[in-house]
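Biologist: I have a model open and want to learn how to read it. Could you take me through some features, one at a time?

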Amino acid sequence: MFEVLRTAVSSLWANKTRSMLTMLGVVIGVGAVIAMVAVGNGASRQMEGVISSMGANMIVLRPGSQNLGGVRQGAGSGATLTLSDIRAIEEECWSIKNVAPQVNTSAQLVFENRNWPSQVIGTTPGFFDIREFQAQKGRLLDGEDERSAAKTAVIGETVARELFGTANPLGRSIRIRNIPFEVVGVLAPKGQSAMGQDQDDTVIVPVTTAQRRLSRSALADAVNSAFIQAKDASMMDSAMTEIRALLRQRHRLSSDREDDFDLRNLTQMLDTMAQAARVMSLLLAAVASISLLVGGIGIMNIMLVSVTERTREIGIRMAIGARRGDIRVQFLLEAMLLSLIGGCAGILLGAGASLAVTKFLQWPTSVSPAAVALAAGFSCFVGVFFGFYPAWKASLLHPIDALRFE
Amino acid sequence: MTRAAVNGSASEIASDVLIEVRDLVKTYRSGDSELRALDGVSFSIRRGEFVAIMGPSGSGKSTTMNMLGCLDSPSGGLYILDGRDVSKLSDNELARVRNVKLGFIFQGFNLLPRLNALDNVALPLVYAGVDAQKRAVRAAEALKKVGLDSRMRHRPNQLSGGQQQRVAIARALVGEAPLILADEPTGNLDTKTSEEIMGLLAGLNAEGKTVVLVTHEPDIAAYASRVLRFKDGKLVEDLRQTPRRVMGNGGGEDV
């Protein structure tokens with residue numbers, strides 16, 4: 001067996017350029033499969049990360065579309081949702097665990113001679129639970145801040161960096177729309193959201209303060225949205241039904257009118273996106289496999305040429321005692337060697353390409369051992385499959401014809 | 001010999017015959033017409049004979065050689081090689097027979113260009129399943145015998161025609177096959193080199209190898225002790241002769 005291997009290596013070595021070019025097909029094929037699967041995996045991992053960072057069993061409630069003289073505006077454009085609605089949901093819906101209203105506004109933050117634009121979220125203490133925000137310095141907002149509509153703020157890390165640099169922001173006063181707020185805490189960083197937003201570029205103030213002092217909404221009690229967390233996954237549907245019924249009743253909507261609010265199962269939405277990412281990665285892998293297939297056909301092509309070229313050699317080997325099986329094994333091994341070496345190089349190429357994608361495009365990638373094993377196995381299979389026909393053809397040569405071949 | 005004298009049985013006498021050919025027929029089909037390349041040829045060759053097969057092209061001498069070499073199967077008739085009927089063996093069994101019983105020498109040398117002399121000579125032993133160390137030793141011995149022990153690491157393209165044919169002879173010897181088949185072994189060589197190669201073959205014959213040679217040159221056939229002449233697929237003459245004396249030492253100096 002060792003002898004056959006040596007023969008295979010030496011005959012591949014004798015045609016270095018050709019062997020390299022043949023391998024290149026497999027190298028690119030395997031590399032593409034691994035890189036594509038890595039990109040796909042990275043994307044779905046990221047989605048999974050987002051889902052877990054969003055917190056589980058999440059429902060998003062937003063005001064419905066506004067109807068301005070028959071022209072319907074987009075979802076969330078209306079001001080139909082109020083803090084009282086949110087409080088009612090919190091008190092009356094038994095399937096839910098936590099509710100966090102949001103009054104969103106963007107504003108220029110000012111500290112001494114520095115300023116920074118950011119989004120300001122007015123919310124209740126439940127927000128920190130639902131979104132799994134924690135304080136890295138100082139404290140989070142509590143019920144007292146909310147009741148007294150205190151001018152206190154918790155800032156994200158990006159805001160802290162932009163306004164305070166390395167200085168300690170705790171106890172300092174920042175100005176939002178010329179209203180001074182005391183910084184009581186800094187949030188632990190969370191990184192990017194699913195949409196690529198910087199979740200650390202934010203300021204959180206009590207919802208009451210936001211409504212009274214920052215909001216420009218016509219309706220003083222209006223909120224922009226609310227995150228609602230169900231008690232567990234099985235209660236998602238009942239929670240949504242309860243909320244819908246309650247809000248329709250509170251908004252006095254007769255049965256022939258549409259909801260004036262918008263309820264969405266966020267977890268389901270993100271799951272769908274993760275699913276899409278997985279399908280995408282499968283699709284990419286399938287496309288990459290085609291190039292592996294093409295690489296395999298390249299091997300078959302070259303092996304067929306090789307058999308023709310070496311007909312005489314085959315004849316000589318047969319004349320001195322090689323059996324058909326020996327000839328078959330020899331050519332099969334050469335094809336397998338081509339695809340195997342190509343496969344190994346392809347794994348390196350694919351891993352390298354994934355690293356490059358992460359480094360230069362900032363896309364998350366993850367080279368999975370399963371993809372590596374799959375690509376290696378597939379390239380071996382390609383070698384056997386596409387090597388078999390030429391090898392079989394070689395072994396069927398008649399010794400005399402092969403010897404006479406010029 | 002002693003046992004043969006004691007028993008005197010037919011089988012012992014038969015074992016003295018290396019090749020036994022009976023009514024050998026080979027037909028090639030091309031479309032509707034049928035070409036009878038061999039038309040009922042019978043002869044036998046005893047161990048230790050040096051036989052030259054002669055005849056014009058198309059006479060069936062090459063076909064006979066292919067049959068004797070187990071490279072082709074006859075369409076009819078019987079071929080008994082070393083006591084075994086090889087006319088109906090499978091491909092694998094034929095490969096085994098070629099490996100163990102036969103040594104080939106070709107007009108075009110037919111060495112593998114990528115292998116050096118030693119590896120070329122050792123190749124039949126690879127297929128015989130001999131381990132690497134023994135192969136190297138036996139191949140070196142065979143090369144020494146043909147006077148090429150100083151060029152074992154040379155590749156065929158680094159050797160002259162005569163030297164390449166010596167490597168081929170060493171390859172035919174290495175398996176210790178009883179029968180050496182030479183198909184126009186001097187066809188590509190000049191007169192002087194031809195004489196050296198024939199001297200080598202005659203020397204091997206003197207050591208007990210049976211040599212069967214195909215040639216169309218009377219000068220070369222003169223080295224044989226028996227000439228089989230073919231014409232139109234039939235054996236037309238079976239002549240015993242006094243072989244030509246070998247000039248000098250065939251295994252001697254390199255060309």
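Modeller: Keep in mind that this is a predicted model.

Biologist: How many residues of helix α3 of chain B are buried?

Modeller: Eight of the eight residues in α3(B), which spans 61–68, are buried, so the helix is largely enclosed by the rest of the structure. Among them are B:K61, B:T64, B:M65 and B:L68.

Biologist: Now sheets. How do I read the pairing of strands?

Modeller: Strands of a sheet pair through backbone hydrogen bonds, either parallel or antiparallel. Take the open sheet of four strands in chain B. Its order is β2-β1-β4-β5, with antiparallel pairing. β2 (33–46) and β5 (84–85) stand at the edges with a single partner strand each, so one side of each has no neighbour in the sheet.

Biologist: Which residue is the bridge partner of B:E20 in β4(B)?

Modeller: B:I80 is the partner of B:E20. This pair belongs to β1 and β4 of chain B. Five bridges join β1 (residues 17–30) to β4 (residues 76–81), and the two strands run antiparallel.

Biologist: What is the strand order in the sheet of six strands in chain B?

Modeller: The order is β6-β7-β8-β3-β9-β10, in an open sheet with mixed pairing. At the edges are β6 (102–105) and β10, each with a single partner strand, so each has one side without a neighbour in the sheet. From one strand to the next, the twist averages 20 degrees.

Biologist: Show me the parallel pairs.

Modeller: β7 (residues 179–183) and β8 (residues 210–214) of chain B run parallel, joined by five bridges. There, B:A182 stands opposite B:L213. Helix α8 (residues 191–206) of chain B packs on this sheet and touches β3, β7 and β8. The direction of α8(B) makes about 150 degrees with that of β8(B). β3 (residues 50–54) and β9 (residues 226–231) of chain B also pair in the parallel sense, over four bridges. B:A52 has B:V227 as its bridge partner in β9(B).

Biologist: How many bridges join β9(B) to β10 of chain B, and in which sense do they run?

Modeller: Six bridges, antiparallel; β10(B) covers residues 234–240. The two strands form a hairpin with two residues between them. In the turn, B:D232 has a positive phi of about 50 degrees. B:K231 has B:K234 as its bridge partner in β10(B).

Biologist: And helix packing?

Modeller: Two packed helices are described by the angle between their axes and the distance between the axes. Look at α5 (residues 117–128) and α7 (residues 161–174) of chain B: they pack at about 30 degrees, with axes 8 Å apart. α5(B) and α7(B) are therefore roughly parallel to each other. Their crossing is right-handed. Residues of α5(B) in the contact include B:A117, B:V121 and B:L125, while those of α7(B) include B:V167 and B:R171. The contact residues divide into nine nonpolar, one polar and one charged.

Biologist: How many residues of chain A are in contact with chain B?

Modeller: 17 residues of chain A are in contact with 19 residues of chain B. On the side of chain A, the elements giving two or more residues are α1 (2–14), α10 (311–319), α11 (324–361) and α13 (399–404). The residues of that side divide into nine nonpolar, three polar and five charged.

Biologist: What about chain A overall?

Modeller: Chain A has 13 helices and twelve strands. Of its 406 residues, 43% are buried.

Key: Residues are numbered from 1 along each chain as its sequence is written. Chains are lettered from A and ligands numbered from 1 in the order in which they are written. This is a predicted model: local features need pLDDT of at least 70, side-chain atom pairs count only at pLDDT 80 or more; totals for chains, interfaces and linings use all residues. Axes are lines fitted to C-alpha atoms, for helices over the stretch in contact, and angles run from 0 to 180 degrees between N-to-C directions. Angles under 35 degrees count as roughly parallel, over 145 as roughly antiparallel, 65 to 115 as roughly perpendicular and the rest as oblique. A crossing is left-handed if the near helix is turned anticlockwise from the far one by less than a right angle, and right-handed if clockwise. Two residues are in contact if their C-beta atoms, placed from the backbone, lie within 7 Å. Ala, Val, Leu, Ile, Met, Phe, Trp, Tyr, Cys and Pro count as nonpolar, Asp, Glu, Lys and Arg as charged, and the others, Gly among them, as polar. A residue is buried if 20 or more other C-beta atoms lie within 10 Å of its own, exposed if 12 or fewer, and partly exposed in between; C-beta atoms are placed from the backbone. Two strands pair if DSSP finds at least two bridges between them.
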